[in-house]
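Subject: Structure handover

Hi,

Here is the structure for you to look over. My notes on the helix packing follow.

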Amino acid sequence: MAERLFADQGIARTSTRQITAEAGVSRDAIHYHFGSKAGLVSAILEARTGGLRADIERIFALNVPDRDVSFRDIANAMVVAANEMAGHETGRFYHPFLIAVMNDPEYQHLTTSKATPQSEAVVDLLTPLTPGLSETERLYRVASALLLVLFGTGDGGVVKWVSAQAETTPGNLAMMLTDVVADVLSGRGSAAGGNPVRRRRRQGAGDNDSIAVGDAVVGASPAAAR
């Protein structure tokens with residue numbers, strides 16, 4: 001509920017009174033559970049990025065069980081996780097919500113002051129492929145890739161713009177986005193560039209790993225954010 005209102009109206013124009021009224025809870029609910037509106041915004045961010053971290057790692061593990069790892073493997077996990085979340089009924093407001101947070105001077109520090117579980121997952125996957133890269137450059141590549149994924153999945157601005165210019169399909173856009181994100185992560189002109197790293201087979205990977213991305217995200221979301 002709160003995530004949708006923030007996405008539709010912006011953070012500043014959405015009051016805690018409106019959130020509690022539409023959620024059908026008492027006015028003290030947000031203060032009790034989150035402390036303030038800022039606490040609620042932070043809780044939504046932590047829940048979503050935490051869910052995306054788990055999804056990226058799961059998708060990566062399923063698609064790269066025991067072979068050489070490439071930059072495109074990482075990019076694919078990022079794009080698939082974001083697209084599946086955006087396609088889920090309760091996850092489709094996250095991207096516009098995140099953009100609203102980034103555009104609000106009072107709250108944008110929540111997205112820039114520290115790493116998120118989602119970005120940490122990508123850094124962890126990227127590190128073995130870029131042993132000679134400085135931490136600063138690796139972080140820059142990850143941040144740039146995450147921005148591309150944000151605007152290039154779901155109902156993002158890049159998706160709308162490209163779709164208005166030429167006939168295409170969501171699947172085709174996802175493949176192209178994966179190539180571009182892989183280029184950014186590799187720092188090269190070729191999405192297949194870089195030195196592959198042999199991946200060890202994960203123990204215990206089974207049917208439970210195929211749970212839908214959206215379900216994992218929903219489970220991680222705070223009640224007031226639904």
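Helix α1 passes α6 in a left-handed crossing. Left-handed means that the near helix is turned anticlockwise from the far one by less than a right angle. The two pack at an angle of about 60 degrees, with axes 8 Å apart. That makes α1 oblique to α6; roughly parallel is under 35 degrees, roughly antiparallel over 145, roughly perpendicular 65 to 115, and oblique the rest. Axes are lines fitted to C-alpha atoms, for helices over the stretch in contact, and angles run from 0 to 180 degrees between N-to-C directions.

The model is predicted: local features need pLDDT of at least 70, side-chain atom pairs need 80 or more, and totals for chains, interfaces and linings use all residues. Numbering starts from 1 along each chain as its sequence is written, and side-chain values use heavy atoms, without hydrogens and water.

Helices are DSSP runs (H or I, at least four residues), numbered from the N terminus.

Who meets whom? Glu3, Phe6 and Ala7 of α1 touch Tyr94, Pro96, Phe97 and Ala100 of α6 (contact: heavy atoms within 4.5 Å).

α6 covers residues 94–102, and its buried residues are Tyr94, His95, Phe97, Leu98, Ala100 and Val101 (buried: under 20% relative accessible area, 1.4 Å probe, protein chains only). These pack against α1, α4, α5, α7 and α9.

Now α1 (residues 2–9) and α4 (residues 37–63): their axes come within 11 Å and cross at roughly 105 degrees. So α1 is roughly perpendicular to α4. From α1, the contact uses Ala2, Glu3 and Phe6; from α4, Lys37, Leu40, Val41, Ile44 and Arg48.

Best wishes

Conventions: Buried < 20%, exposed > 50% of the residue type's maximum accessible area, 1.4 Å probe, protein only.
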